[in-house]
Amino acid sequence: MILELDCGNSFIKWRVLPRQGGAQVVAGGVVGSDEELLVALASRFPGELFMCRLVSVRSEDETRLLVDALKNRFGIDCRVAASAQSLAGVSNGYDEYRRLGLDRWLAVVGAYSLERRACLILDLGTAITSDFIDSAGSHLGGFICPGMPLMRNQLRTHTRRIRYDDAVAEQAQHSLVPGRSTAEAVERGCLLMLRGFVDTQLELARQQCGDDVTVFLTGGDAVLAAQWVPAARVVPDLVFIGLAIACPLAGE
Ligand SMILES: Nc1ncnc2c1ncn2[C@@H]1O[C@H](COP(=O)(O)OP(=O)(O)O)[C@@H](O)[C@H]1O
Ligand SMILES: CC(C)(COP(=O)(O)O)[C@@H](O)C(=O)NCCC(=O)O
Ligand SMILES: [K+]
């Protein structure tokens with residue numbers, strides 16, 4: 001079996017595919033740490049993993065620790081996705097292409113491989129990123145802003161009286177009328193900031209890429225934005241689609 005990992009700033013997304021490749025996913029999940037990942041894999045796939053491909057936006061040291069741990073625990077080698085000036089008909093739009101987050105780059109490559117036309121990609125994780133690709137596959141750049149976890153945590157960290165738990169936060173998100181409690185006021189305020197960002201990105205995408213642009217939503221909070229962009233393609237595994245293109249196995 002092939003192990004695929006997307007190591008974000010908050011979570012590691014993992015999935016396992018059959019060794020011969022193909023779209024069928026055997027299992028997958030979201031974990032908060034390397035150790036949690038090793039435990040989840042050891043209990044389900046003892047001795048069955050054949051190799052790993054991964055993308056990481058973490059430091060090189062952190063990524064190396066995980067690669068070494070997978071080698072020690074399962075005896076598997078990792079192919080680690082690297083930056084590129086161009087890949088699969090997509091050209092990297094950054095002045096210094098290595099500076100573009102690898103998760104963004106793989107999502108861009110993945111989206112263009114699915115559509116072959118102009119795309120806007122919104123990835124809602126720890127940070128929210130947007131990336132624009134024109135119909136010829138040129139990446140035009142994008143934007144980075146704090147994601148929902150960072151927005152609410154900044155308020156919690158830098159104030160003394162904004163405190164509420166996750167269950168209350170979830171409940172508060174079901175409406176966008178003015179909040180009548182701290183949780184409602186904060187959660188809805190952050191959601192409206194997110195909505196404003198999404199609206200602006202759609203407008204910019206039409207200006208930059210024309211009306212015919214396909215919008216992709218990915219990342220752990222993609223569903224929050226899906227309500228405002230009904231035509232969007234919600235593709236949780238967009239980074240993995242790009243990862244398979246960046247790190248093909250023999251025969252793929
Ligand atoms: N099963 C899940 N586990 C953890 N976070 C989740 C899950 N489903 C949705 N989320 C949301 O996803 C966000 C993290 O998104 P993610 O794309 O994993 O971030 P990153 O890539 O920066 O680690 C969290 O803020 C949380 O609200
Ligand atoms: C912007 C990001 C922090 C997003 O990370 P994520 O929210 O997926 O954990 C990551 O893509 C990154 O570290 N990028 C490097 C900076 C850049 O893309 O310009
Ligand atoms: K992100």
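What lies 2.8 Å from an N or O atom in the side chain of asparagine 9? An oxygen atom of ligand 2 does. This is a predicted model, where local features need pLDDT of at least 70, side-chain atom pairs count only at pLDDT 80 or more, and totals for chains, interfaces and linings use all residues. Residues are numbered from 1 along each chain as its sequence is written, chains are lettered from A and ligands numbered from 1 in the order in which they are written, and side-chain values use heavy atoms, with hydrogens and water left out.

Stay with ligand 2. Its shell holds 14 residues, and Asn9, Tyr94, Gly101, Asp103 and Arg104 come nearest. A residue counts as near if one of its heavy atoms lies within 4 Å of the molecule. By class, the shell has five nonpolar, six polar and three charged residues. Here Ala, Val, Leu, Ile, Met, Phe, Trp, Tyr, Cys and Pro are nonpolar, Asp, Glu, Lys and Arg are charged, and the others, Gly among them, are polar.

Now the polar contacts, pairs of N or O atoms within 3.5 Å. A polar backbone atom of arginine 99 is 3.4 Å from an oxygen atom of ligand 2. For a backbone N or O atom of threonine 126, the distance to a ligand 2 oxygen is 3.3 Å. Taken alone, ligand 2 exposes 470 Å², and the protein buries 77% of that. These accessible areas come from the Shrake-Rupley method with a 1.4 Å probe. Helix α3 (102–115) and strand β9 (127–133) are the elements that give two or more residues to this shell. Domain 1 (2–80) and domain 2 (85–236) both contribute residues to the shell, so ligand 2 lies between them. The domain bounds come from an automatic or database assignment.

Turn to ligand 1. It is surrounded by 13 residues, the closest being Phe11, Lys13, Thr126, Gly220 and Asp221. Four are nonpolar, seven polar and two charged. Each of domain 1 (2–80) and domain 2 (85–236) supplies at least three residues to the shell.

An N or O atom in its side chain is 2.4 Å from an oxygen atom of ligand 1. Lysine 13 places a polar side-chain atom 2.7 Å from a ligand 1 oxygen. Serine 10 uses a backbone N or O atom, at 2.9 Å from an oxygen of ligand 1. Alone, ligand 1 exposes 570 Å², of which the protein buries 68%.

Methods
Polar contact = N/O pair within 3.5 Å; in protein donor to acceptor, adjacent residues only side chain to side chain. Helix = DSSP H or I, 4+ residues; strand = E, 2+ residues; numbered from the N terminus.
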